[in-house]
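Please work through the following exercises with the sequence and the coordinates at hand. Each task is followed by a solution in steps.

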Amino acid sequence: MSTGQRTTVAPPKPGAHQTNTLAVAAEHLASTDTAAEKRSTDFYRQMVFIRRFEERAARAYTQALIGGYCHLNLGEEAAVVGLMAALRPTDYLFTNYREHGYALTRGIDPNRVMAELFGRSDGVSKGWGGSMHMFDLEKRMLGGYGIVGGQIPLATGAALAIDYRGVDEIVMCTMGDGTTNIGAFHESLNIAALWDLPIVYVVINNRLGMATTVDKSSAEPELYKRASSYRMAAERVDGLDPVAVFEAAQRAAATARSGKPFLLEVMTERLRGHSVVDPGKYRGAEEIALTQERDPLVTFAAHLVDTGLLTEHEITAINDDAVSRATAAAVFAEASPFPDVSTLFDYTYATPVANDSHRLPGQPLFEPAPFPEQEATR
Amino acid sequence: MSIMTYRQALHDTLRSEMHRDPDVFLMGEEIGLFDGAYKITAGMLDEFGEKRVRDTAIAEEGFTGAAIGAAMLGLRPVVEIMTINFSLLALDQIVNHAAKIYGMFGGQARVPLVIRTPGGGGQQLGATHSQNIELFYAFVPGMKVLAPSTPADAKSMMLAAIRDDDPVLFLENLSLYNTKGEVPDDDIPAEIGKAAVTRRGSDITLIGYSRMAYVAAQVAEQLAESDWLDIEVIDLRSLRPLDRETIVESVKKTHAAVIIEDDWLTYGIGAEIAATISDGAFDYLDAPVRRVAMAEVPMPYSKPLETAALPSTDDVIHAIRQTLDAVGRRRYPMGEKS
Ligand SMILES: Cc1ncc(C[n+]2csc(CCOP(=O)(O)OP(=O)(O)O)c2C)c(N)n1
Ligand SMILES: [Mg+2]
């Protein structure tokens, strides 16, 4: 399904940092059967963990332990793990606000991800970002972003910096289907194509932006084809199959490493509402049933059992392990302290600056002089 | 008169205006099938159909600009921008085009457009989703900026906005949507550019708009009980044009003023009000004009930090008491103050 223009799929260069992560293992051992098998079961383990983590987060939201907006990756687990496996630790990731799963799979401590949701000081963004704004420099996850499309120019600029410095790294930038209608998407793809930037744009097509279907919002509903306006290579892949996503993401990453941008469209499902507070009434019963049938956890588990890679017993054990880790994360998060109010003015500017306002809402600009006592009876 | 919520008043007014004038139509993200992010347009897609209730792609700059263009041909689009934060993506079309077309072309084309959008904070939405940036629009000649605080004003000011021939930014507020009040049954548009004295008093003038006008009314009532204070409350209602006369007249009478706002202090709406008082009532002032506004930080997500950054009722009360202390006026009930 590749649109094919200028697709020069170079073999991936060996990573500069060959650590023992799944990503690197997968990249170099893909040819051997046992490695492929291990990869599949690892994918499944990660997918189950995202699922149980998100369910735990949804529960915490109803308990008012999490506030604000909270968007879950339910139904997108296969897409998330397949994509993340194609990245090296030295690559960069930019995402939107639906990013808990990415943070977890990128290797950020689940306790710190949950603590961020709870707004606590041990959170990845110290409680300042919340669900929509996870950031971890060490794991090179340069943010979830709450403004639709906001991450796309930033990711493009990160790719510019990589190209500028001539280092062997790439950027991956994920977004939703609805986001391909924002001007910044088109402006950024054009820039990346003109300047040959090492970036993979990923459209997670769950067919909905809130309640609006792709058909209603995009004049070219086959979203990967939008790349052809910029003569950019592109591909669409089944997002229910983590292995297919991984392989497609590897091709895309290889293109980026060779110095060309790529647009990858991943077809997924959104199993629940847009955010945890959306009951999703606009979807008919038939459509919801169809969505549940296309639950990647169910389909991939069935595949693993059918092909003899996992037994039902092992599947249960994987699930139990995920539940206990998600529970532990919630326990950790609840025990973590809230940021101290004295830190309110710590992050307005990177360096101290004269006359920065450190005034709380009730404070006057200048302390009023006390009224002379003898006149107080006027 | 009927009692209804701010949300209901907006909904009913949009409906009745669409029945009255076939040139009025709605555009915005999720306003149809989803009933609107905050349910202002609930049921209207069914009632009026896709031609007049248009769900848009996520393209604030594109659809807001398109509404401006449609307005140039005489239609009366009412655009919903999901929250005022996302209006930043349409800033160019609003500021460089909607506000300029009438003047730049020597009065040949009008832009009868309404942009409805809620401000608000305090819902842990974080730095990019908790801003109150109506100032950006109130700063621009050619724009009209309305900010009703009651259901009755939501109705009369929406009527005025839709029937007006200039671009109007119509500021709503997330925490006002569920507030209730009396709403007249007749369709009488408000006069744009007029503030309202919503409570008469003589001790001090308390000035707010949108949610803060609501807070002001509450504080005035509370302090009437606890401090025996007679507070005059002004609801600005219109941020541009600004009714300076009403503000100055009140301060000439009370000799003191506190301004409360949900935006940032430095260069905020309150700064313009304070300058107005300085110009128009300098000789009448007994105390410096006080402002209560948000702490000047990117809004943190974490609840205790967010709470600290937002102006509270206590902050307002504290500012009023400090101001009256500074002029040495009695403000406590008999016997309570030594
Ligand atoms: C500029 C802007 N406009 C509107 C919104 C409100 N909004 C948040 S998510 C969303 C839908 C996005 O849909 P899609 O890109 O498909 O991503 P998904 O939520 O399906 O993952 C909208 C309209 C926003 N956050 N930013
Ligand atoms: Mg989507």
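**Exercise 1.** Determine in which sense E13(B) and strand E14 (residues 290-294) of chain B pair, and over how many bridges.

*Solution.* In this predicted model, E13(B) and strand E14 of chain B pair in the parallel sense, and four bridges connect them. Next, turn to strand E10 (residues 204-208) of chain B: E10 and E13(B) pair over three bridges, in the parallel sense. Here B:Ile207 stands opposite B:Ile259 in E13(B). Finally, consider the cover of strand E13 (residues 257-264) of chain B: seven of its eight residues are buried, and the strand is thus described as mostly covered.

**Exercise 2.** Identify the buried residues of helix H4 (residues 91-98) of chain B, and state what they pack against.

*Solution.* The buried residues in H4 of chain B are B:Gln93, B:Ile94, B:Val95 and B:Ala98. The buried residues of H4(B) pack against H3, helix H5 (101-104), E5 and helix H6 (134-138) of chain B.

**Exercise 3.** Which residues have the most contacts inside the largest nonpolar core?

*Solution.* The largest nonpolar core has 83 residues, and B:Leu113 and B:Leu236 have the most contacts inside it. For B:Leu236, leaving aside residues up to four places away in sequence, the residues touched include B:Ile207, B:Tyr209, B:Leu242, B:Ile247, B:Ile269 and B:Ile273. There is also a second, separate core of 69 residues, with A:Ala60, A:Tyr61, A:Ala79 and A:Ile204 among them. As background, nonpolar side chains in soluble globular proteins tend to be buried together.

**Exercise 4.** Is A:Asp136 buried or exposed, and which side chain does its own side chain join in a polar contact?

*Solution.* First, locate the residue: A:Asp136 lies in the loop between helix H5 (110-117) and helix H6 (151-165) of chain A. Its relative accessibility is 7%, and because buried means under 20%, A:Asp136 counts as buried. Its side chain and that of A:Arg112 are joined by a polar contact of 3.2 Å. Not counting residues up to four places away in sequence, A:Asp136 touches A:Ile108, A:Arg112, A:Val124 and A:Met141.

**Exercise 5.** What percentage of the residues in chain A is buried?

*Solution.* Of the 378 residues in chain A, 54% are buried. The secondary structure of this chain comprises twelve helices and seven strands. Among contacts in chain A with a separation of 6 or more, 74% involve residues 24 or more positions apart. The accessible surface of chain A comes to about 16,300 Å², and carbon and sulfur atoms account for 55% of it.

How values were computed
Residues numbered from 1 in each chain as written. Chains lettered and ligands numbered in written order. Predicted model: local features only at pLDDT ≥ 70, side-chain atom pairs only at ≥ 80, totals over all residues. Heavy atoms only, no water. Helix = DSSP H or I, 4+ residues; strand = E, 2+ residues; numbered from the N terminus. Buried < 20%, exposed > 50% of the residue type's maximum accessible area, 1.4 Å probe, protein only. Polar contact = N/O pair within 3.5 Å; in protein donor to acceptor, adjacent residues only side chain to side chain. Contact = heavy atoms within 4.5 Å. Areas by Shrake-Rupley, 256 points an atom, 1.4 Å probe, with all protein chains shown as cover. Core = buried A, V, L, I, M, F, W, Y, C linked by side-chain atoms within 4.5 Å. Pairing = 2+ DSSP bridges.
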